[in-house]
Amino acid sequence: MSHDQQHPHESELPAAGVQLNHTAIYASDRHLSAEFLAAVLGLRVGAPFGPFLPVDLGNGVTLDYYEKRDEPIQSQHYAFLVPDEQFDAVITRLEAVGVTYYADPSHTQPGRINRLFGGRGAYFDDPDGHNMEVMTRPYVRP
């Protein structure tokens, strides 16, 4: 079977034009979680949109905080690329609110940052235990 027969519609996919527009983040208290992340990253929380509380990022992606109280929140990972000149301010804001940051995703190196791919990075938990990452250089993928 030729490649075209296996995937007859592949040429119709708009791969180059596909972008993440928004994602929902479950939170036990959407206001607390949205305000926390916005404060740490130096952003603003937008006006409620239905059951969602949005935090708009600089690349057109919106994080829509959605309150979920009927079951435990499953931890997810979210990574944020921040300008190098804003990284120290993020770390300072984490320290100001008493949130420990770590050099590694397993949280075994408290109070330290990493220097992956020639940049700087750190991990921290949000109020519901989502593993948040800030980094100044994107990962170099093979």
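Modeller: Start with pairing: two strands pair if DSSP finds at least two bridges between them. Helices (H or I, at least four residues) and strands (E, at least two) are DSSP runs, numbered from the N terminus. A24 stands opposite D64 in strand 3. This is a predicted model, where local features need pLDDT of at least 70, side-chain atom pairs count only at pLDDT 80 or more, and totals for chains, interfaces and linings use all residues. Residues are numbered from 1 along each chain as its sequence is written, and side-chain values use heavy atoms, with hydrogens and water left out.

Colleague: What makes strand 1 and strand 3 (residues 62–67) a pair?

Modeller: Pairing takes at least two bridges. Strand 1 and strand 3 have 6, in the parallel sense.

Colleague: In what order do the strands of the open sheet lie?

Modeller: The order is 1-3-2, for 3 strands with mixed pairing. Strand 1 (22–27) and strand 2 are the edge strands, as each pairs on one side only.

Colleague: Which strands does helix 2 touch when packing on the sheet?

Modeller: Helix 2 touches strand 1, strand 2 and strand 3. Contact means heavy atoms within 4.5 Å.

Colleague: Why is helix 2 called oblique to helix 3?

Modeller: Helix 2 (residues 30–41) and helix 3 (residues 84–96) pack at about 135 degrees, with axes 7 Å apart. Axes are lines fitted to C-alpha atoms, for helices over the stretch in contact, and angles run from 0 to 180 degrees between N-to-C directions. Under 35 degrees is roughly parallel, over 145 roughly antiparallel, 65 to 115 roughly perpendicular, and the rest oblique. Therefore helix 2 is oblique to helix 3.

Colleague: Which residues meet there?

Modeller: F36, A39, V40 and L41 in helix 2 meet V90, R93 and L94 in helix 3.

Colleague: Why does F49 count as exposed?

Modeller: Buried means under 20% relative accessible area, exposed over 50%, partly exposed in between (1.4 Å probe, protein chains only). F49 has 61% relative accessibility, so F49 counts as exposed. F49 lies in the loop between helix 2 and strand 2 (52–56).

Colleague: What makes up the largest nonpolar core?

Modeller: A nonpolar core is a set of buried Ala, Val, Leu, Ile, Met, Phe, Trp, Tyr and Cys residues joined through side-chain atoms within 4.5 Å. The largest has 26 residues; Y65, F80, L94, F124 and V134 have the most contacts inside it. Helix 2 gives the largest share of this core, 5 residues.
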